[in-house]
Amino acid sequence: MEIIEKAPAKINLALDTPYKHKDGEPEWNMVMTSIDIADYVRIVDNNSGKITVQSDSLFLPEDHRNLAYQAADLIKNKFNIHLGVEITIRKNIPVSAGLGGGSSDAAAVLRGLNKIWNLKMSLEDLANLSLELDSDVPYCIFSKTAKVSGRGSNINPLHKLPSMYFVIVKPQVSISTPQIIRKINYKSIEHKNVNNLVQSIYQNDYTEIVNNMFNVLEPISAEKHHEIYKIKMKMLNYGADSAQMSGTGPTVFGVCKTEQSAKHVFNSIRGFCSEVYLVHSL
């Protein structure tokens, strides 16, 4: 049986980590939304018993290091399934960008195999299982605007965002999420209140939404990669209502209320950066 799953990118409208667990893993307090740039994941089962991954990206591993491979292996082992899985990923989301591409691909594999093998797992069940892969995968199972807490497994869907446009810029650098997490100093980090943003979303108040966005990891990533702040300032100077880093970076996004304003930012910044996208939230 064959199925094709859409795997949307995500951005962090708010990101805080209140403390670190004893095992070193962060506690998260975030607001995420999905945007209309997406990978497409083709999933086919067969009788080989093996998992294979192919991609049109030169930067994506096609073995056990790939989260999509790990997702197939996880669900095969959980249900003791001996069939093979052939996974083909058409990449549109930039790799190592803080946009959750690998996590969204893994979520797509879990959703797809749940359908192909008629496992009858709910999205909540899939999200709980997927936490074994990466902290972003549970959110990507749902791919709807949500408050995300705990280790990433507590997903509380929020109201749909008001109309807004995002200009996404991926600098030509890569950032290791584990390295950034190791650099967090919980004594000096400047925590902010995620609930202010949540309230703004429930009120459908665009201005308050952009005023309450933040990412406490931005200073850590930007300390080593100055491009992050440079791009952020250019976006604000070109008319974005807000701009910040997504995830652990290095991708920066600017927010605009109108498509015309977003196009102006998009066209202005393309002269400085090669990977620029104009998108809206799903």
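**View 1. Ser55 and its partner in strand 4.** In strand 4 (residues 84-90), Ile89 is the bridge partner of Ser55. The strands here, like the helices, are DSSP runs numbered from the N terminus (H or I with at least four residues for helices, E with at least two for strands). Strand 3 (residues 51-55) runs parallel to strand 4, and five bridges link the two; strands count as paired if DSSP finds at least two bridges between them. Strand 2 (residues 28-46) also pairs with strand 4, this time in the antiparallel sense over seven bridges, and there Asp45 stands opposite Val85.

A word on the model: it is predicted, so local features need pLDDT of at least 70 and side-chain atom pairs count only at pLDDT 80 or more, while totals for chains, interfaces and linings use all residues. Residues are numbered from 1 along each chain as its sequence is written, and side-chain values use heavy atoms, leaving out hydrogens and water.

**View 2. A left-handed crossover.** Follow the chain from strand 3 through helix 1 (residues 67-78) to strand 4, and you trace a left-handed β-α-β unit. For reference, a right-handed crossover runs clockwise from the first strand over the helix to the second, with the strands pointing away from the viewer.

View 3. Ile228, Ile231, Lys232 and Met235 are buried in helix 9 (residues 227-237) (buried is under 20% relative accessible area, exposed over 50%, partly exposed in between, with a 1.4 Å probe and protein chains only). They lie on the same side of the helix because they cover an arc of only 100° around the axis, taken from the directions from the helix axis to the C-beta atoms. Lys230 and Asn237, on the other side, are exposed. The buried residues pack against several elements, including helix 8 (218-224) and helix 10 (259-269), where contact means heavy atoms within 4.5 Å. Just after helix 9 comes Gly239, with a positive phi of about 115°.

**View 4. Two cysteines without a bond.** The whole structure holds zero disulfides, a disulfide being a pair of cysteine sulfur atoms within 2.5 Å. The sulfur of Cys256 has its closest cysteine sulfur in Cys273, 15 Å away and too far for a bond. Cys256 is buried at 0% relative accessible area, and Cys273 is buried too, at 14%.

View 5. Most residues other than glycine have a negative phi, and most peptide bonds are trans. Gly249 and Pro250 are joined by a cis peptide bond, with omega about 10°; Pro250 sits in the loop between strand 9 and strand 10. Ser143, with a positive phi of about 55°, is buried at 13% relative accessibility.
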